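Reader: I have a model open and a few things to ask about it. Can we go through it one residue at a time?

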Amino acid sequence: MILFRKAADISNYLQDQRKNNRLVGFIPTMGALHHGHINLIEQSVKQQFLTVCSIFINPTQFNNAADFSRYPVTIEKDIEQLEAADCDILFLPAVEEIYPKGTKAPTHYELGFLETILEGKYRPGHFQGVCQVVNRLLDIVMPDTLYLGQKDYQQCMVISKMISSLGWENKIHIAISPTIRESDGLAMSSRNMRLTTEERKRAVLISATLQSIKSTIQPGPLDKLKKNAREELEAAGFKVDYAEIASAKDLHTIDHWDGNTKLVALIAAYLNEVRLIDNMLIN
Ligand code: AMP
């Protein structure tokens with residue numbers, strides 16, 4: 001695996017490789033890698049793409065300074081895992097490489113409704129930061145395929161919207177992979193490392209609640225189901241940002257289900273200091 005730290009170096013290298021008709025698969029991450037990330041790498045390797053992973057803890061997408069400063073860093077282990085997965089290139093830039101003019105965003109991304117709900121509502125500015133970093137990384141890497149995880153359902157929609165508004169929808173294909181879970185159902189996440197043993201046991205209730213929504217949902221009003229989900233989490237000591245059921249297509253909240261509309265259930269909740277998110281397609 002080749003390690004690049006400078007944007008200009010990786011950009012030049014990839015331009016050279018493209019002359020040999022190599023297609024590029026790109027997996028942007030914030031490191032502290034787990035099987036969820038590695039699965040995305042493997043998708044790209046399987047396609048025989050020149051596979052590029054970036055590790056960059058993006059300061060502009062954290063709306064909470066403590067969350068940023070406590071974000072786990074396990075770079076040596078990350079490199080071992082990437083090498084074992086046959087990743088070709090790791091891009092590991094410093095903040096100045098990504099934001100040579102500073103982190104104040106010069107561009108405002110028009111995300112509309114998506115920025116007003118769920119993660120957009122509870123993490124103000126988060127998706128502007130996500131767009132800022134992904135736009136910059138795409139400028140540098142210019143992949144043919146961008147690999148994203150369903151774990152961040154709303155983020156997939158935001159990035160897809162950004163790519164369309166940049167006019168890149170025919171240039172960059174987005175491949176979304178299902179959420180990889182621990183054996184008890186907990187969605188893998190770098191933030192899981194911050195849970196105590198006791199919190200880790202309780203954390204499974206998030207995926208269990210989603211699963212229970214999926215198996216009990218009926219056409220008709222959904223308010224009781226949502227309320228029960230929230231109350232069950234709260235009773236177990238979670239601070240719940242949302243326990244919502246929405247249209248899988250556009251994330252508009254569904255309060256009364258016609259039995260046909262494709263649904264996704266989404267939860268964001270804190271266990272003490274650690275904020276966890278998860279989602280499940282219902283039908
Ligand atoms: P992060 O490092 O959390 O920014 O995630 C980098 C990429 O990996 C994003 O596209 C995430 O959606 C994806 N990802 C994170 N966790 C998982 C998971 N458990 N299953 C599948 N994809 C994931």
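Reader: Start with Gly125. Is Gly125 buried, exposed or partly exposed?
Author: This is a predicted model. In it, Gly125 has a relative accessibility of 38%, so it counts as partly exposed; the band for that class runs between 20% and 50%.

Reader: Where does Gly125 lie?
Author: Gly125 is in the loop that links helix 6 (118-122) to helix 7 (126-141).

Reader: Before I go on, what is the mean pLDDT of the chain?
Author: The mean is 97, and 100% of the residues reach 70 or more.

Reader: Where is confidence lowest?
Author: In helix 3 (residues 65-69), with a mean of 94. Strand 4 (residues 89-91) has the highest, at 99.

Reader: Now the ligand. Which residues come nearest?
Author: Met30, His37, Asp152, Ile180 and Met188, out of 16 residues around the ligand.

Reader: Which atoms of Met30, His37 and Asp152 are involved, and at what distance from the ligand?
Author: For Met30 a backbone N or O atom lies 2.9 Å from an oxygen atom of the ligand. For His37 a polar side-chain atom lies 2.9 Å from a ligand oxygen atom. For Asp152 a polar side-chain atom is 2.6 Å from an oxygen atom of the ligand.

Reader: How much of the ligand does the protein bury?
Author: The protein buries 92% of the 480 Å² that the ligand exposes when taken alone.

Reader: Which elements give two or more residues to that shell?
Author: Strand 2 (24-29), helix 2 (35-46) and strand 5 (145-149). Helix 2 gives the largest share, three residues.

Reader: And by class, what is the shell made of?
Author: Eight nonpolar residues, six polar and two charged.

Reader: Last one, Gln150. Where is the place of Gln150?
Author: Gln150 sits in the loop between strand 5 and helix 8 (153-165).

Reader: Why does Gln150 count as buried?
Author: Because its relative accessibility is 14%, and buried means under 20%.

Reader: What does the side chain of Gln150 make a polar contact with?
Author: With the side chain of Asn279, at 2.9 Å.

Reader: Which residues does Gln150 touch, not counting those up to four places away in sequence?
Author: Cys156, Ile176, Ser177, Pro178, Thr179, Asn279 and Leu281.

Notes
Residues numbered from 1 in each chain as written. Predicted model: local features only at pLDDT ≥ 70, side-chain atom pairs only at ≥ 80, totals over all residues. Heavy atoms only, no water. Near = heavy atom within 4 Å. Polar contact = N/O pair within 3.5 Å; in protein donor to acceptor, adjacent residues only side chain to side chain. Areas by Shrake-Rupley, 256 points an atom, 1.4 Å probe, with all protein chains shown as cover. Helix = DSSP H or I, 4+ residues; strand = E, 2+ residues; numbered from the N terminus. Nonpolar A, V, L, I, M, F, W, Y, C, P; charged D, E, K, R; others polar. Buried < 20%, exposed > 50% of the residue type's maximum accessible area, 1.4 Å probe, protein only. Contact = heavy atoms within 4.5 Å. pLDDT = per-residue confidence, 0-100.
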